Amino acid sequence: MTVTMSLREAILHRVRGHGPDELRGVIEDSIGNAEVTLPGLGVLFEIIWQHSAPEDQQRMVEALHGELQKSSS
């Protein structure tokens with residue numbers, strides 16, 4: 001029998017059980033790397049976003065906005 005996983009499930013399966021240092025490594029290895037790693041970062045960010053307090057979400061949005069403003073000038 002063939003087991004089919006969505007991309008999200010495959011990414012979560014890959015990192016489940018990793019410790020904090022291993023998760024940091026996954027993130028750092030993905031940043032600035034091939035675009036194929038971007039969906040993985042998106043899935044990880046989704047988890048962070050969903051489990052962040054509204055004030056933390058606002059800080060992330062403000063940080064992102066600030067960085068995007070710098071890069072567009």
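Contact, as the word is used in this report, means heavy atoms within 4.5 Å. The structure is a predicted model, in which local features need pLDDT of at least 70 and side-chain atom pairs count only at pLDDT 80 or more, while totals for chains, interfaces and linings use all residues. Residues are numbered from 1 along each chain as its sequence is written, and side-chain values use heavy atoms, with hydrogens and water left out.

Not counting residues up to four places away in sequence, Val26 touches Arg14, Val15, His18 and Leu44. Val26 has its place in helix H2, where helices are DSSP runs of H or I with at least four residues, numbered from the N terminus. Val26 counts as buried because its relative accessibility is 11%; buried means under 20% relative accessible area, exposed over 50%, and partly exposed in between, with a 1.4 Å probe and protein chains only. The C-alpha atoms of Val26 and His13 are separated by 13 Å, and these two residues are 13 places apart along the chain.

Asp21 is also found in helix H2, which covers residues 20–30, but Asp21 is exposed, with a relative accessible area of 68%. From Asp21 to Pro39 the distance is 20 Å, C-alpha to C-alpha, and the two are 18 residues apart in sequence.

A pocket is found on a 1 Å grid over the protein atoms alone, as an open set of points where a 1.4 Å probe fits, with protein on both sides within 12 Å along at least five of seven lines; lining residues have an atom within 4 Å of a point. The largest pocket holds about 150 Å³ of space, and a volume here is the space filled by probe spheres set on the points, which are joined across faces, edges and corners. Its lining consists of Ile27, Ile31, Leu41, Leu44, Phe45 and Ile48, and helix H3 gives the most to this lining, with four residues. The lining has six nonpolar residues, no polar and no charged ones, where Ala, Val, Leu, Ile, Met, Phe, Trp, Tyr, Cys and Pro count as nonpolar, Asp, Glu, Lys and Arg as charged, and the others, Gly among them, as polar.

One aromatic pair is found in a search of the whole structure. The ring centres of Phe45 and Trp49 lie 5.8 Å apart and the planes stand at 40°, so the pair is tilted; rings of Phe, Tyr and Trp (its six-membered ring) pair if their centres lie within 6.5 Å, and planes under 30 degrees apart count as stacked, over 60 as edge-to-face and the rest as tilted. Phe45 and Trp49 are separated by about one helical turn, because they are four residues apart in helix H3.

**Ser52 and helix H4**

Ser52 has its place in the loop between helix H3 (38–50) and helix H4 (54–72). The side chain of Ser52 reaches the backbone oxygen of Ile48 at 2.5 Å. Leaving aside residues up to four places away in sequence, Ser52 touches Gln57 and Met60, and Gln57, in helix H4, is in contact with Trp49 and Ser52 when its neighbours within four places are likewise set aside.

The table gives the accessibility of residues from these regions.

| Residue | Relative accessibility | Class |
|---|---|---|
| Phe45 | 42% | partly exposed |
| Trp49 | 30% | partly exposed |
| Ser52 | 17% | buried |
| Glu55 | 48% | partly exposed |
| Gln57 | 19% | buried |

Glu55 lies in helix H4, and Glu55 and Gly17 are 28 Å apart in space, C-alpha to C-alpha, and 38 residues apart in sequence.

Methods: Helices (H or I, at least four residues) and strands (E, at least two) are DSSP runs, numbered from the N terminus. A polar contact is a pair of N or O atoms within 3.5 Å; within protein, one must be able to donate a hydrogen and the other to accept it, and residues adjacent in sequence count only if both atoms are side-chain atoms.
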